[in-house]
Amino acid sequence: MKITIKEDSKSHQSLQGLAQACLDNYVLPMYKIIQRAANNDFTVLFASEGKKKTGFIAGYGQENKMHIWLFGVLPSKRGKGVGKELLKKFHSLASKKGYNAVNTITFNKYPQKIVLSVKSGYKITGTKFIP
């Protein structure tokens with residue numbers, strides 16, 4: 001089925017539900033979404049197959065770059081190009097908005113995101129030990 005990517009930065013409840021479905025044991029309080037939405041160029045993209053949302057990416061402007069705050073794909077849809085399409089669209093929007101870079105932070109518990117990020121041209125610029 002074809003993947004469709006659409007921007008919807010006002011759909012906070014959809015973002016909350018999909019983030020919790022995509023990210024292992026993650027609870028996303030609504031106040032965090034509202035805080036992030038107050039940042040410059042808050043952007044949320046949803047990937048869909050038909051009418052079913054299968055992934056998302058959310059970020060905001062930070063100086064001369066866009067920062068990816070949250071990014072996830074439903075477990076049953078991973079490895080099928082959904083994340084790659086979301087990243088491509090996010091990069092395109094960031095460029096159209098005048099940003100010259102995109103950054104993100106990820107964790108070892110999301111190895112597929114690390115691999116996708118590196119394959120998409122991201123450079124690892126630091127590590128942090130979190131016990």
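**Exercise 1.** Find what covers the buried residues of helix H4.

*Solution.* Start with the residues themselves: in H4 (residues 111-119), Lys113, Leu116 and Ser117 are buried, where buried means under 20% relative accessible area, exposed over 50% and partly exposed in between, with a 1.4 Å probe and protein chains only. Next, look for their cover, which includes S4, H3 and S5; contact here means heavy atoms within 4.5 Å. Helices (H or I, at least four residues) and strands (E, at least two) are DSSP runs, numbered from the N terminus. Then look down the axis of H4: the buried residues fall within an arc of 100°, so they line one face of the helix. That arc is taken from the directions from the helix axis to the C-beta atoms. Finally, step past the helix to Gly121, which follows H4 and has a positive phi, near 100°.

A word on the source: this is a predicted model, with residues numbered from 1 along each chain as its sequence is written. Local features need pLDDT of at least 70, side-chain atom pairs count only at pLDDT 80 or more, totals for chains, interfaces and linings use all residues, and side-chain values use heavy atoms, leaving out hydrogens and water.

**Exercise 2.** Work out the order of the strands in the sheet, and find the helix that packs on it.

*Solution.* Trace the open sheet of 5 strands in the order S1-S2-S3-S4-S5, with mixed pairing; two strands pair if DSSP finds at least two bridges between them. At the edges are S1 (3-7) and S5 (101-104), each pairing on one side only.

**Exercise 3.** How many bridges join S3 to S4, and is Asn64 buried, partly exposed or exposed?

*Solution.* S3 (residues 52-62) and S4 (residues 65-73) run antiparallel and are joined by 8 bridges. Tyr60, for instance, has His67 in S4 as its bridge partner. In the loop between S3 and S4 sits Asn64, which counts as partly exposed because its relative accessibility is 42%. Last, check its contacts: not counting residues up to four places away in sequence, Asn64 touches Tyr99, Asn100 and Ala101.
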